[in-house]
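Q: I am new to this structure. Please pick one part, look at it closely, and then show me how it sits in the rest.

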Amino acid sequence: MGKPEVDLATPLLDQSREELSYLRLEPGRITELVGDTGSGLTRLGLSLLAAPSRAGPVVVVDIRGWISPEAAWETGVEAESLVIVRCNERPLWTRVTAALLEGVPAVFAEVPVGIKEQDLRRLAALARARKTMVAFRSMGSRLPSGVSHLRLRSLGVTWEGADRGHGKLKGRRLMLEASGRGAAGVTRRFEVEDEGKDTLRLVSDVVFDPSRRAAG
Amino acid sequence: MWSLTRPDAPPGNPVLVADDRVTGATPDVLAAGVTLGMPRRDAEALAPFATVLTRDVGEETRRFESVVEVVEDLIPRVEVVGPGLVFVPVAGAIRFYGGEDVLARKVIDEVAGHVGSGPGKEVLVGIADGPFAARWAAARSSPGEPLIVEDTLSFLRTLDLESLREGVASDSLIATFRWLGVTTLGDLAGFPREALATRFGNEGVLAHRLASGEDRTALPREIPEELAVEMEFEDPLEHIDAVAFAARNISERMLSRLRSNGVAPHQVSILAEPDLGKVRERIWRSADPFTERALTDRVWWQLRAWVESGGVPGGIIRIRIAPFDLSGEGRQLGVFGDESARIETDRALARAQALLGPDGVLEGRPQGGRMPAERVAWSRWNEPETARDRDPTAPWPGVTPKPSPALVPPRLQLIEVEWDGGMPSRVRLGTRWEPVLTWSGPWRLSGRWWAGERDADRYQLVTSAGALLCVVADGKSYLAGVYD
């Protein structure tokens with residue numbers, strides 16, 4: 001039996017599926033992307049900027065100098081709205097990110113290893129105060145608890161199209177786990193299909209895990 | 001509180017009129033702590049005993065039209081802000097009637113005689129330098145007793161910050177000012193304007209101007225004739241639906257014309273010519289430049305008021321709207337929504353650039369090429385774009401297929417790949433070897449031999465740790481991208 005699919009393109013707001021809300025940024029709230037390099041999160045982070053880029057400038061903070069705007073354009077980010085900030089010096093990262101959170105409507109930032117917890121909390125408070133849409137991708141350990149509103153963890157990515165020398169990479173399936181306040185305290189797993197266009201597809205294969213501890 | 005004059009308000013009972021915020025309340029409701037401009041939900045919680053009526057601005061405008069006509073008979077060039085509030089330039093009228101007090105009392109007498117008495121029918125008149133001060137002078141006056149402000153600056157200094165709320169400053173800005181210890185416009189005027197501009201952008205500057213008595217001039221600039229928009233109708237418009245459609249159409253046409261000139265109006269003149277009778281004209285004013293929705297609403301309210309009050313006998317055969325007092329604020333920057341947002345963004349990026357150097361803040365534009373690294377033309381933010389070497393619209397046979405890798409190293413990185421019978425079997429990622437689960441390629445990349453470029457083969461390698469774009473040349477393997 002085929003799995004029902006839902007387009008995640010522009011009419012996102014018309015969709016009522018709860019998981020869809022995980023794949024868009026909200027003003028003043030931080031979405032944390034957790035996973036190793038290669039787990040598909042850079043492209044996912046860039047795709048989160050697609051909708052805000054239609055309304056104004058968006059910024060990517062790139063700590064390795066490797067992020068490609070071409071992948072962002074493919075996910076629907078407007079070329080004229082995208083600015084890439086390359087910051088490979090850890091001492092500067094906090095100040096640069098703070099400056100950006102203060103004035104830019106939407107930011108996707110890679111977080112280098114070793115950023116102090118209090119700095120991350122200050123940045124979270126700044127994002128809340130300035131109603132900035134933020135996605136953080138930590139390159140080291142997870143963000144401290146309470147910083148992110150929603151945590152999306154990549155459980156794995158599978159690629160389609162390549163077959164022992166034949167074909168080419170066409171699309172991927174990204175298995176994600178959503179948790180945190182933004183997921184209403186329960187852990188949910190869902191799968192996203194990305195065929196390299198500006199439309200992500202949500203595959204209705206959701207598993208609910210009961211929360212391990214109650215919120216009080 | 002013109003909202004309270006609606007005929008369906010139960011007489012003698014506590015009444016609250018609101019849309020999303022309170023626009024009118026009877027004294028007993030105000031005594032319960034309700035204030036004008038308060039969110040409806042809060043007001044309902046404070047005054048659960050009140051009858052709540054939803055505001056109908058179009059209907060209020062229709063009823064207010066006759067009041068505007070009374071004022072206009074006394075003083076020409078009335079500017080309507082909304083039902084219940086008009087501005088009039090009084091310099092000429094003061095000379096004609098023999099003084100400010102005489103004029104103000106004349107207006108009060110005429111209007112009070114027209115509207116009668118009852119909730120919301122109190123006539124408040126204030127005279128000051130500029131519309132902002134005059135509006136608050138009227139608010140502080142008593143019914144039948146005009147407040148004539150001699151020293152506008154001193155008067156403004158006593159006003160509470162709440163006075164900025166009407167179309168000038170947001171709730172959050174007012175809350176921030178209060179948090180900083182600023183409670184009156186006098187306190188605010190004491191700050192250096194540059195400091196407010198740096199911290200709060202356009203909104204802060206506008207608030208400081210008003211607090212300093214530098215209200216927007218009421219003198220209209222000269223408007224090129226072609227910016228006015230006119231519609232003529234062979235069959236007179238008599239039905240409300242047709243009038244509504246015309247209002248939307250003509251508003252959109254005018255603003256689209258203004259947008260191409262990079263301006264937006266603070267005032268518009270709305271003119272309607274009836275099939276029978278005299279031409280009607282009214283000027284509407286707004287503290288902010290009119291948006292599409294705001295302008296459409298005003299044109300619609302005005303035309304509806306004329307049609308429903310019998311002011312355009314025989315129907316409308318011509319509508320003309322003309323912009324006045326043009327502003328360059330915001331409207332031309334459709335991408336950014338408003339000017340202050342653009343300024344804040346520019347300021348943030350400039351700060352990042354100051355910290356990182358000019359090469360730290362970059363913009364990319366598509367250009368042609370076969371490899372991912374070639375397909376982006378980089379330029380520094382806020383500098384002219386660099387010339388694109390390669391045409392992005394050209395076919396580029398042999399281009400690396402989409403989806404593109406999300407991570408592309410600026411230069412090819414040497415990588416260890418183990419081959420087994422010409423097929424990739426393992427790839428070294430950091431300290432560990434990852435088996436290649438599947439792959440595609442090779443695709444031949446023929447280099448420009450005359451430019452010293454080598455031929456190479458490209459592979460897409462899929463491992464359990466992700467997919468890579470790999471280039472093999474001269475027996476060595478290089479990483480060209482990571483599909484992250």
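A: Start with a working definition. An axis here is a line fitted to C-alpha atoms, taken for a helix over the stretch in contact, and the angle between two N-to-C directions runs from 0 to 180 degrees. Two packed helices are then described by the angle between their axes and the distance between the axes. Keep in mind that this is a predicted model.

The part to look at is helix α3 of chain B, which covers residues 57–74. Take its packing against helix α5 of chain B, residues 100–115. The angle between α3(B) and α5(B) is about 150 degrees, and their axes lie 10 Å apart. Angles over 145 degrees count as roughly antiparallel. That is why α3(B) is called roughly antiparallel to α5(B). The crossing of these two helices is right-handed. Which residues make the contact? From α3(B) come S66(B), V67(B), V70(B), V71(B) and L74(B). From α5(B) come K106(B), V107(B), E110(B), V111(B), H114(B) and V115(B). By class, this contact has 7 nonpolar, 2 polar and 2 charged residues. An α-helix has 3.6 residues a turn, so residues three or four places apart point the same way.

Now turn to another partner of α3(B). This is helix α12 of chain B, residues 292–308. The axes of α3(B) and α12(B) come within 8 Å and cross at roughly 55 degrees. That angle makes α3(B) oblique to α12(B). The crossing of α3(B) and α12(B) is right-handed. On the α3(B) side, the contact uses V57(B), G58(B), T61(B), R62(B) and E65(B). On the α12(B) side, it uses W300(B), W301(B), Q302(B), R304(B), A305(B), W306(B) and E308(B). The residues of this contact split into 5 nonpolar, 3 polar and 4 charged.

Chain B has 13 helices and 20 strands. It has 484 residues, and 38% of them count as buried. Consider the contacts in chain B with a separation of 6 or more: residues 24 or more positions apart account for 55% of them.

The buried ones are P131(B), F132(B), A133(B), A134(B), W136(B), A137(B) and A138(B). Their cover includes strands β5, β6 and β7 and helices α7 and α10, all of chain B.

A loop residue gives another view. T386(B) sits in the loop between β13 and β14 of chain B. It has 13 C-beta neighbours inside 10 Å, so T386(B) counts as partly exposed. Beyond its neighbours within four places in sequence, T386(B) contacts A377(B), W378(B) and S379(B). T386(B) and G364(B) are 22 residues apart in sequence, and their C-alpha atoms are 9.6 Å apart.

How confident is the prediction for chain B? The mean pLDDT of chain B is 83, and 93% of its residues reach 70 or more. Among the elements, confidence is lowest in helix α10(B), residues 193–211, at a mean of 79. Confidence is highest in strand β20(B), residues 476–483, at 94. Over residues 218–223 of chain B the pLDDT is below 50, and this stretch has 11 contacts in the model beyond near neighbours in sequence. The pLDDT is also below 50 over residues 329–337 of chain B, a stretch with 22 such contacts.

Last, the partner chain. Chain A has 6 helices and 10 strands. Of its 216 residues, 49% count as buried. The contact between the chains takes 47 residues from chain B and 46 residues from chain A. On the side of chain B, α13, β12, β17, β18, β19 and β20 each supply at least two residues. The largest share of that side, 10 residues, comes from α13(B). By class, the side of chain B that touches chain A has 29 nonpolar, 10 polar and 8 charged residues. For the complex, the predictor gives an ipTM of 0.88 and a pTM of 0.54.

Terms used: Residues are numbered from 1 along each chain as its sequence is written. Chains are lettered from A and ligands numbered from 1 in the order in which they are written. This is a predicted model: local features need pLDDT of at least 70, side-chain atom pairs count only at pLDDT 80 or more; totals for chains, interfaces and linings use all residues. Helices (H or I, at least four residues) and strands (E, at least two) are DSSP runs, numbered from the N terminus. Angles under 35 degrees count as roughly parallel, over 145 as roughly antiparallel, 65 to 115 as roughly perpendicular and the rest as oblique. A crossing is left-handed if the near helix is turned anticlockwise from the far one by less than a right angle, and right-handed if clockwise. Two residues are in contact if their C-beta atoms, placed from the backbone, lie within 7 Å. Ala, Val, Leu, Ile, Met, Phe, Trp, Tyr, Cys and Pro count as nonpolar, Asp, Glu, Lys and Arg as charged, and the others, Gly among them, as polar. A residue is buried if 20 or more other C-beta atoms lie within 10 Å of its own, exposed if 12 or fewer, and partly exposed in between; C-beta atoms are placed from the backbone. pLDDT is the predictor's confidence in each residue, from 0 to 100.
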